[in-house]
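Subject: A structure for you to look at

Hi there,

Here is the structure I promised to pass on. Have a look at it first, and then read on for what turned up.

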Amino acid sequence: MAFESTRLQMHVVPAAEWGAAAARILEAELLLRPAALIGLPTGNTPQPFYAELRRLHGEGKLAAGQFRVLMVDDYLGAGQLATNSYHWLSREVLRPLGIGDGRVLRMPTDPAQMPVACAEFERQLQQWGGCDLMFLGLGPNGHVAFNEPGSGASSRTRVVRLNEATARANAAYWRGAFMPHEAVTLGLGTILESRAICLLVRGAAKSEVLRAALLEPETPDLPASVLRRARRLIVLADTAAAPDADIFPHA
Ligand code: GLP
């Protein structure tokens, strides 16, 4: 099922097809702009997407030779930790696809360099031409990147404190290792400047927060709700995350 308006496209696909559908969205962008700047999130959600990219690349079917990658968040002070978002992304996507450091706009994580490094990161993002397509996950509390509830729609790249629920949810990824409770994230204002945003959502646990983000009035309590202001928003959900596809507005 798909509905489209000029600014919002919604795709709901069976779970087994979800990774390939996400890869097609990236491929369509690379067909237009081979050197596009693409935002890539970490987390459980994008795993089938990244697995599909590795498969396509392995078979020589992905035009991955030029595109550049923008990180959307990382943990503060995690530069040396093997569990940080940069290392995770390197392992899952960057190395397998042959994307070297020169093509990655890496989120700064050194506490001693803050907040100057965040302003410098924003400057570099402009210099790199801005983000063409930003993939984002959806936090259980509606956060996007690490913009927790309460984040302003015009916020910029900055240091944030993770709230309890997020820290608890993310601790699982660190498997008992020390996890910083502060992070660095693209701001919602920075995210909204992207030429297109693709919100990735999988699983029944995200269905209520997805429904609220798209249908309830926009509120800072649900950061994902501001994504409706995007220049172009693509939502890619599996049928578990959007079981009542008909409730979403049609063009
Ligand atoms: C994390 C990350 C986000 C991610 C989100 C959803 O805290 N900071 O970038 O998109 O939460 O994670 P998951 O896909 O594992 O549910």
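First, a definition for the pocket search: on a 1 Å grid over the protein atoms alone, a pocket is an open set of points with protein on both sides within 12 Å along at least five of seven lines. A molecule sits in a pocket if more than half of its atoms lie within 2 Å of the pocket's grid points. With that in hand, the space taken by the ligand is the largest pocket.

Two notes on the background. This is a predicted model, where local features need pLDDT of at least 70 and side-chain atom pairs count only at pLDDT 80 or more, while totals for chains, interfaces and linings use all residues. Residues are numbered from 1 along each chain as its sequence is written, and side-chain values use heavy atoms, with hydrogens and water left out.

In the side chain of Asp73, an N or O atom is 2.8 Å from a nitrogen atom of the ligand. From Gly137 it is a backbone N or O atom that lies 3.5 Å from a ligand oxygen. Taken alone, the ligand exposes 390 Å², and the protein buries 93% of that (Shrake-Rupley method, 1.4 Å probe).

Helix α2

Helices here are DSSP runs of H or I with at least four residues, strands are runs of E with at least two, and both are numbered from the N terminus. Glu52 is found in helix α2, residues 47-58. Is Glu52 buried or exposed? Glu52 counts as buried because its relative accessibility is 14%, where buried means under 20%, exposed over 50% and partly exposed in between (1.4 Å probe, protein chains only). Not counting residues up to four places away in sequence, Glu52 touches Gly19, Ala20 and Ala23 (contact means heavy atoms within 4.5 Å). The side chain of Glu52 also makes a polar contact with that of Arg55, at 3.0 Å; within protein, this is a pair of N or O atoms within 3.5 Å, one able to donate a hydrogen and the other to accept it, and residues adjacent in sequence count only if both atoms are side-chain atoms.

Arg54 has its place in helix α2 too, but is partly exposed at 31% relative accessible area. Leaving aside neighbours within four places in sequence, Arg54 is in contact with Glu92, Pro96 and Leu97.

Loops and backbone

Most residues other than glycine have a negative phi, and most peptide bonds are trans. A cis peptide bond, with omega about 0°, joins Met114 and Pro115; Pro115 is in the loop between β6 (104-105) and α4 (116-127). Ala145 has a positive phi, near 50°, and is buried at 8% relative accessibility. Ala145 sits in the loop between β7 (133-136) and β8 (158-161).

Asn141 lies in the loop between β7 and β8. The side chain of Asn141 makes a polar contact with the side chain of Glu148 at 3.0 Å. Beyond four places in sequence, contacts of Asn141 include Asn163, Val209 and Pro223.

Helix α7

Val209 belongs to helix α7 (residues 207-215), where Val209, Leu210, Ala212, Ala213 and Leu214 are buried. Their cover includes β2 (8-13), β10 (197-201) and β11 (233-238).

Best wishes

Notes:
1 Å grid on protein atoms, 1.4 Å probe; cavity = no way out; pocket = protein on both sides within 12 Å on 5 of 7 lines; lining within 4 Å.
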